[in-house]
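This report is meant to be read with the model on the screen beside it.

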Amino acid sequence: MSETVLDYALFYHSYGLSVIPLKPKEKVPLIEWRRYQQEMPSINEINRWFKDTNNNIAVVCGKISGNLVVIDFDDEQIYTKFIEELKNHPELSEVVNNTWLVKTGKGYHIYLRVDNDEPVRTAKLPKIDIKGEGGYVVAPPSIHPSGKRYEFVRFTKTTGHEIRLISEKQYKDLLAVLERVSGGKIEGEDKSEAKKNEEWGEERKDEKRNKRLKEDAILKLIDIISPVYKEGYRHTIILYLIGWLYKAGITETDAEKLVRIICDKFNDEECEDRLRIVKETYSGVREEKAKAKGKELKTSGGLLNDVFTHFMTEDEALEKIREIEEILKSASPFKKDPIFAPLNLAKKRYAIALPDKKIIVVGRITEDGKVEYEDIVFNAYPSKVVVYQNPLDPTKITFETVWRSKERKLPIKLPPLLGEEILQILSRGGLVQKSGIAKDILNAILNAYIRKGKAKIKTDVDAKGFFLLNGELKANRVQVSKPRDEDVRKALEIVNKLRGYYDEGKLAYVLAWGLASPFNFTVKQKLGNRASDVFPYLILYGESNTGKSTLSIIACMISGTEKIANESCTEVNATNVDTKAKLGMFLNDSTFMKPVKEAWGLFKDIEMVEMLKDVVDNTQARARIEEKSNIRVFLALRPLLITLNRVAGVKFPEDSGFRRRYKIIPFTLNDKKKVVERVEEFNKNVYLEVDSLGYIGMLFVHEMINNKDLQKRFFERPIDTAKEFLKGLLEKYGFDSGWVDKDPEFEMTENEVDIEALRIFFINKINDTYQKYIGKLILTAEDGERRYMYTSNINFRAKIDAIIDSGLLPWLVKKDDKYIITTGINKDEDFRKMVGELTLKDLKELLNEAGVHATYKDARYKKNPHEKVNSDKSKVVIIDHPDEFEKFLTPTFEDFSQ
């Protein structure tokens, strides 16, 4: 059986090539493809793009695909001429004639990878396109607009050929050959150089160079270079030294002062040339001047190899570099100079990254000022370190690294990872020699790269979704685009059809909740522990076969989980979230919702229930990673929608904290009847099209990002704002919208649950306490026998007063005809069981809502009644009118009717 486009796509992916889908028989992308220059597509995305489709496929060139460059010949004759010309360059010819080759509609594609940390150079010549960073090429088995199929001439799976790696110099030679055979000239500068110059300019503008070089530091630097400041090396030394001063932030004045003193000490007759280096370095024109003279800047070498080792042993030279580091408080900016990371200053022990040897060692400074190696720890060193700091979780720092080793032909390029993850990969690759100390050494080296300015620092959120960053609503790793009117209309038609299959109140609320859900994390960022007041999480609960699961998927579809985030809306089984660690990882993944089904098991564990409560209001969740016995902090990004079938004898957590944070929508036998009667019709006419609902989510996201007024309303009333948006869309496109105002009948509102639980607690507690300690009088008859008379018929007010007078409830006291409840109520086991953990402030609010006027105040009390001064201060709730409290505990039928 011939391989499908999906088979090719999966192979390209496994080979380290980023791929994107194109329109059938065209070269036009089907998606917003720029993000795939920065990140590889997932296997799920590849399946969605290419499974059972006739889409064309393209390979993205540049760094994401291992510095891939593709030479695109539009004409067979010029390709033949190029191959003929290569015979004069045997080394190049061998590479080009043994790498991937594709026959296109009109010519050929040659695939190569360039061994360079910078983005590959791109260019255009007559009848030749050179595709690198920022480009893509149509790949086999796509079909050309002419009808011809793209086919491999040489390929890994057929002829055994790999994509060949060429050096930077070979690449430049290759470009020169292409210029000759095409008769054209590559215009403009290398994109990577342009980017580098742009970065230089930005750095010169923004970075303040105000560090002063003290007199003793100048003298020490002169002393260090004295043994090597010889004829033939002076220009190189000044170039490297001034470049180092510049990167260390030393002022131009002090750099010039250093050069003048060097010139005086060594009678340097070319002092004006040395001072010109200072001016050109600090003004940013040194590179241009060097190019004008036909020279190249020495940036890939360093003082170690280009100067010091020419005059002294390697260990002595290393100590000179370390001394300059200490004086300037900055590592050498040059690629081949070592990096020192202190391990034990008292013993003068250091971890040292040695780029020229491509190893990391532990060494110490001897008494005679030499560097003595103790152990080789890594048979590789990091040639590039980019540090990603997550503004949402400052504790999380990841490192994007490129490792080079003499034992590996190709560099090892690692995506942003934690230090321990980097260590695991290097260890599996056999590049760790001293595993016992490797973790400490790696951390020391990475921190040295940061501290000494050798690492680039980037702020990055590594999850998809929406966040408040510096007070602004931002989209991260998702494409925000406005859908077409016809797509929105189609989605609204589906919404209108859904009304015939679901209770309108339930449908309206779940659709609005789903629409708002991608922004739930921003609500938590904005409101903190008040988030659950306006954006509770959702539980669809009740009889089986009532459409709960389907409605949860519909909520996921309208949120944009599939259309915007390219994630699947399939339900997540409870076994995937049944521990705190699993739940943490699930929540940490994205701000887009995914429904969780049959999660009764989550409610059996008290710690799980606490975590479920915490994540509704908090931006973080903490979980113990069992196999490592340590605590990991997860971001609670993803909002929870849970579906549950009714199970006999299984109940939700009773504490009010849970009930306040989760809305429970009951599904009854009436819902089941509606679903069962029309299930085939629904599956045929509606369900297959529910993915269109994502267009409504796309439009809501677009408006949220671009409309400050909508944002303001949303953060005040998220669900209601989403309802208003949906209602407005329905009206705009001519659909009935009044039903959107309906609300479902929730199992019990949060405060109803709290108030009723509170009422039951007080009634039971007062009755039980009274009956146990006061409820019977002991009488002595004439015959000497004891007789008991029960007094349970007295009113509640009298019972409460009797209990207070007897001091039977330590948290309930009376003063000035007012009842006072102290913090001791939270220590009452019955209170915690029935009402849950409730602050006195929340207790006051509940009593007020129940019609009992209460106030929350500070109060002082005496530990010893004989003391003259109040000893302690505590919070209390004061019930101002005990008759209201009595009425709350003994409501009449009329009270319930009202």
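## Charged pairs across the chain

The side chains of D828 and K765 meet in a salt bridge, with 3.2 Å from N to O; the term stands for a side-chain nitrogen of Lys or Arg within 4 Å of a carboxyl oxygen of Asp or Glu. This pair links distant parts of the chain, since D828 sits in the loop between β31 (818-822) and α30 (829-834), whereas K765 belongs to helix α28, 63 residues apart. Helices (H or I, at least four residues) and strands (E, at least two) are DSSP runs, numbered from the N terminus. D828 counts as buried at 10% relative accessibility, and K765 is buried as well, with a relative accessible area of 15%; here buried means under 20% relative accessible area, exposed over 50%, and partly exposed in between, with a 1.4 Å probe and protein chains only. This is a predicted model, in which local features need pLDDT of at least 70 and side-chain atom pairs count only at pLDDT 80 or more, while totals for chains, interfaces and linings use all residues. Residues are numbered from 1 along each chain as its sequence is written, and side-chain values use heavy atoms, with hydrogens and water left out.

A second salt bridge joins the side chains of E504 and K742, at 2.6 Å from N to O. Because E504 lies in helix α17 (residues 504-516) and K742 in the loop between α27 (718-732) and α28 (750-773), the pair ties together parts that are 238 residues apart in sequence. E504 counts as buried at 18% relative accessibility, whereas K742, at 41%, counts as partly exposed. Salt bridges that share partners join R499, E504, D736 and K742 into one network. A search of the whole structure finds 49 salt bridges, and another of them is formed by E374 and R349, at 3.1 Å from N to O. In that pair, E374 belongs to strand β14 (residues 371-378) and R349 to strand β12 (residues 349-354), 25 residues apart.

## Nonpolar cores

In soluble globular proteins, nonpolar side chains tend to be buried together. The largest nonpolar core of this model has 97 residues, and those with the most contacts inside it are I539, F603, L693 and I696; such a core is a set of buried Ala, Val, Leu, Ile, Met, Phe, Trp, Tyr and Cys residues joined through side-chain atoms within 4.5 Å. Helix α17 gives the most to this core, with nine residues. If residues up to four places away in sequence are not counted, I696 touches A491, L492, V495, L515, I558, F725, L726 and L729, where contact means heavy atoms within 4.5 Å. Apart from this core lies another, of 51 residues, among them I237, F266, L275 and L354.

## A mixed sheet and its helices

Four strands form an open sheet in the order β17-β16-β15-β18, with mixed pairing; two strands pair if DSSP finds at least two bridges between them. The strands β17 (412-417) and β18 (456-459) stand at the edges with a single partner each, so one side of each is left without a neighbour in the sheet. From one strand to the next, the twist averages 15°; axes are lines fitted to C-alpha atoms, for helices over the stretch in contact, and angles run from 0 to 180 degrees between N-to-C directions. Strand β15 (residues 381-389) pairs with β18 in the parallel sense over four bridges, and V387 has I457 in β18 as its bridge partner.

Helix α14 (residues 419-428) packs on this sheet and touches β16 (397-404) and β17, its direction making about 155° with that of β17. Helix α15 (residues 435-451) lies across β15, β16 and β18, and runs at about 70° to β15. The buried residues of α15 include A438, I441, L442 and Y449, and just after this helix G453 takes a positive phi of about 75°.

## An antiparallel sheet

Another open sheet has three strands in the order β1-β2-β8, with antiparallel pairing, and its edge strands β1 (18-22) and β8 (136-139) each pair on one side only. Strand β1 pairs with β2 (residues 56-60) over five bridges, and P21 stands opposite I57 in β2. Helix α1 (residues 5-14) lies across β1, β2 and β8, running at about 10° to β2.
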